[in-house]
Amino acid sequence: MASPSVSADPDALTLGQVLRHPTIFIGVAIMAVMIIGALLAPWLGTVDPQSLSPLRRLKPPSAEAWFGGDMVGRDVFSRTLYGGRVSLMVGLSVATISIFLGLIVGLLAGFVGWVDGIVMRVMDGLMAIPSILLAVALIALTGASVGNVILAITVSEVPRVSRLVRSTVLSLKERPFVEAAIVVGTPFHALLTRHILPNTMGPLLVQGSYIFASAVLTEAALSFIGAGTPPEIPSWGNMISEGRLVFQIAPHMVFFPGVALALTVLAVNMIGDGLRDVLDPNYRAR
Amino acid sequence: MLSYALRRLLAIIPVMVVVALVVFSLLYFSPGDPALVLAGETATPEEIARIREALGLDRPYLVRLTEWSLGILHGDFGDSIFFGRSVAELMAQRAMPTLWLSLLAMIFALVLALPLGIIAAWQVGRAPDRLAMGFAVVGYSLPVFVLGYLLIFAFSVWLGWLPVQGYKPPSDGLWPFLSHLILPALTLGVVYAALIARITRSAMLDVLRQDYMRTARAKGLGLWPMLLRHALKNAAIPIMTIVGIGFGSVISGVVVTETVFNIPGIGRLTVDAILRRDYPVIQGVVLVLSGVYVLINLVVDLSYGLFDPRIKY
Amino acid sequence: MALLHVDNLSTSFKGRKGEVLAVDRMSLQIDKGETLAVVGESGCGKSVTALSVMRLLPEPLGRISGGSIRFEGKDLATLTERQMRRVRGREISMIFQEPMTSLNPALTISRQITETVRLHLDLDAAGVRQRALEMLELVQIPEPARRLTQYPHELSGGMRQRVMIAIALACDPKLLIADEPTTALDVTVQAQILDILRDLSSRQNMATMLITHDLGVVAEMAERLVVMYAGRMVEQGKVAEVLSGPRHPYTAGLLGAVPKLGSSLTAGPRKALAEIPGTVPLVRAPQTACAFAPRCPLATDQCRTELPPVVQIGGSHLSACWRTEDVPGMAIGAAS
């Protein structure tokens, strides 16, 4: 929504300046913890997330099992750390792929007249399908796997990115310096790298972090309703889904993955909000 | 006005055609054999053949597409593989709980979001603004199901004020009906409220800067007449827009919320259909809910004229 | 006793680089029924003075940091917001420079007039509507009944300013503050609006504080004149006295392009303030020297180091200048 108002060249900002923004700083800090937890899971006092121990069954958090055990006796702490891998991978992949595809579709629609009409109608149609439902329809047919989850969420995010890119291209084409560049026959790749991409990078970066956040949420929701990551892979959505049947007696099974999930999404959204602030010329003028 | 509404109504036809095409074509162009996936791992060859026939996977794409589309135009969404009953009938049966749930969620969201957004704009940069925007960012970061369980834990298990799960129709009495809906509607409403509150704040900030707000103060108007009568009406269009767009999050949320609270609505029907791999039901639900979403956004579009007299159709 | 007595008013704004004193120990008085013109270049504190009186400063950035604003004996600077609301629109009204944006685009004209009337006067529904109609007639809007149902975008700029005047005068205020009411309008419409203002203020025996940079408007409308520079009063007196014999180099500079007072009193084209080289300085601390000195052809070392006192030249004619004696001898146009 707010992304069209963003326009700035990110080159003018240094990484340090960006990190000094309090919201971004907190977001990055939380994300760093999450990423370290997921990547270094094997060395952080975890056991095999699939190993069963009858002693741990439904046990509340203790010194042995920090986050307690689940209904078949697996260690919730280990599963929470490993589960982060799925969420972060889905978030990162969906954000990258949909930005990439959306950029291509948006550029095509913005520059090639006849593509615009057709492609944008298709995008309108895709956008009319609420994202979880589109993913559900796709996964029901292709079967649950992390790859299919990524594909399904990407399909519903691409239209939003391509719309953003298309409108940026169309408004840039009106601007005198771009018009002039087109008239004098600047080669397309030069036009792209000199004028179009620098002006789309900022909004795309912001959009990318929102997509990351929403992909993490959607993956968890899909797994929760049984149409996401297959049950044999630990993921936060799966863990909550398993915990929901016993959550009155073992709330920790829902609580820990739930908190991890909420914190991750919060962190990414904070980074997105912060970036939007920093890239917004009105904000910087203050 | 009427001709504009008509034109807008016509404009949603191509959108719905694309939706229908996507939903239908997935079945044909999915990699692998959908019948195998839909039948499940333990299926016998007979079952697979039956599913293949029921979905028409053995017949040409265009023929099936034509039949299916003609059917939908007559309100026939095909038959459920699991129940053997018509999808339309199943959806009609499950529609009411979902309708009540989303209606109440919308009311909660607006009641929560508008004051928050307005106060945040009025107190911009100060504590109430930070609090409201902090709520908003947490609100749309909290997964619906995590929030749902938190609320159940607090209000049902711990305090014992409200029932844990389930649904009672209004015919069972107002309190049983409402008490079962309060928590799910709140759960569903919070994400929506967070979206609306943010847009309300930024739209109000734009309006509060305007010269006519100074005029309103110069008249000696009090704070609330000024914010509500003079500012909110001018901020209404972006707010209405997000109410429409954000309804998508309500529809997605319904699927999850009904699972958390065990409500026998369309969302629950969808989840059951996924678990049973009942593809015709999924097709029907996706199509109908997308239609609802598109229609709501059409209504939003048409409402602009109510708020801005400069818009003429 | 004066209706409004602004005494030693200071108003400061928080800016990006610290506080700015937009008004620095400013004083002025307006008597009942009198029209006072406040003149100066843009940025010299006229509008801020007016907004301070109305207590409409954009809080929390702008605030009154000193002095008093006595209106009928009570100090507006110390009233609570709630008490001030009963003053605004009832005792003191204000109209603004931009008629195109000063009316609420989403509300009907009727709504915008009647809400003030309903707020401040004890009238029944029919009386309120009657009052709104009357006001539109008073400001000479044709077909008032139809206009009431319209929205601002259906009206021209001149019509909108008439509606603003109708709103401002609907509750018979004792003082009207008009902040450049005709600047945004074209010349013929300007004359009509000024006629309406003059006519209504004398009919309702209302005092007017007219902020303008148009000396022609001053000559036509006002009895007395206050000239402001860098947030301070530099000269004041009867309009005829000041315009024919300015005693402050700034006023003389402003008048540079209007050599003969008589010509602007007749129907001739009005002149805006003359161009004086340089700009109005930003004041950050209470001034300790004459702020005009850097642009003044008569400036001496004393002007640059000591704040000039206010000198009485005769009757009500005051000037704040070390070299006020030398101003009449100043070659006209020397400043430009």
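## Reading a three-chain model

Mentor: Let's start with chain B, which splits into domain 1 (2-73) and domain 2 (94-144 + 189-307); such bounds come from an automatic or database domain assignment. Keep in mind that this is a predicted model, where local features need pLDDT of at least 70, side-chain atom pairs count only at pLDDT 80 or more, and totals for chains, interfaces and linings use all residues. Residues are numbered from 1 along each chain as its sequence is written, while chains are lettered from A and ligands numbered from 1 in the order in which they are written.

Trainee: How many residues does each domain of chain B give to the contact between them?

Mentor: First the rule: two residues are in contact if their C-beta atoms, placed from the backbone, lie within 7 Å. Here, domain 1 of chain B brings 14 residues and domain 2 of chain B brings 11 residues. On the domain 1 side, helix α1 (residues 2-29) of chain B gives the most, with 11 residues. By helix I mean a DSSP run of H or I of at least four residues, and by strand a run of E of at least two, both numbered from the N terminus.

Trainee: What kinds of residues make up that domain 1 side?

Mentor: We sort them like this: Ala, Val, Leu, Ile, Met, Phe, Trp, Tyr, Cys and Pro are nonpolar, Asp, Glu, Lys and Arg are charged, and the others, Gly among them, are polar. The side of domain 1 of chain B that touches domain 2 of chain B has 12 nonpolar, one polar and one charged.

Trainee: What about cores? Which residues have the most contacts inside the largest one?

Mentor: In soluble globular proteins, nonpolar side chains tend to be buried together. A nonpolar core is a set of buried Ala, Val, Leu, Ile, Met, Phe, Trp, Tyr and Cys residues joined through C-beta atoms within 7 Å. Buried means that 20 or more other C-beta atoms lie within 10 Å of the residue's own; 12 or fewer is exposed, in between is partly exposed, and C-beta atoms are placed from the backbone. The largest core here has 173 residues, and V136(A), A137(A), A221(A), I196(B) and I282(B) have the most contacts inside it. Both domains of chain B give residues to this core, so it lies between them. Leaving out residues up to four places away in sequence, V136(A) touches A227(A), T270(B), I274(B) and I282(B). Another core, apart from it, has 97 residues, including L51(C) and A77(C).

Trainee: Now a strand: is β7 (residues 175-179) of chain C enclosed or open?

Mentor: Five of its five residues are buried, so β7(C) is largely enclosed by the rest of the structure. On one side sit L175(C), I177(C) and D179(C), and on the other L176(C) and A178(C).

Trainee: Which strands pair with β7(C)?

Mentor: Strands pair if DSSP finds at least two bridges between them. Strand β6 (residues 92-95) of chain C is parallel to β7(C), with four bridges, and I92(C) stands opposite L175(C). Strand β8 (residues 207-212) of chain C is also parallel to β7(C), with five bridges, and I177(C) has M209(C) as its bridge partner.

Trainee: Which chains don't touch?

Mentor: Chain A and chain C have no contact, and their closest C-alpha atoms lie 8 Å apart. Of the two pairs of chains that do touch, chains A and B have the most contacts.
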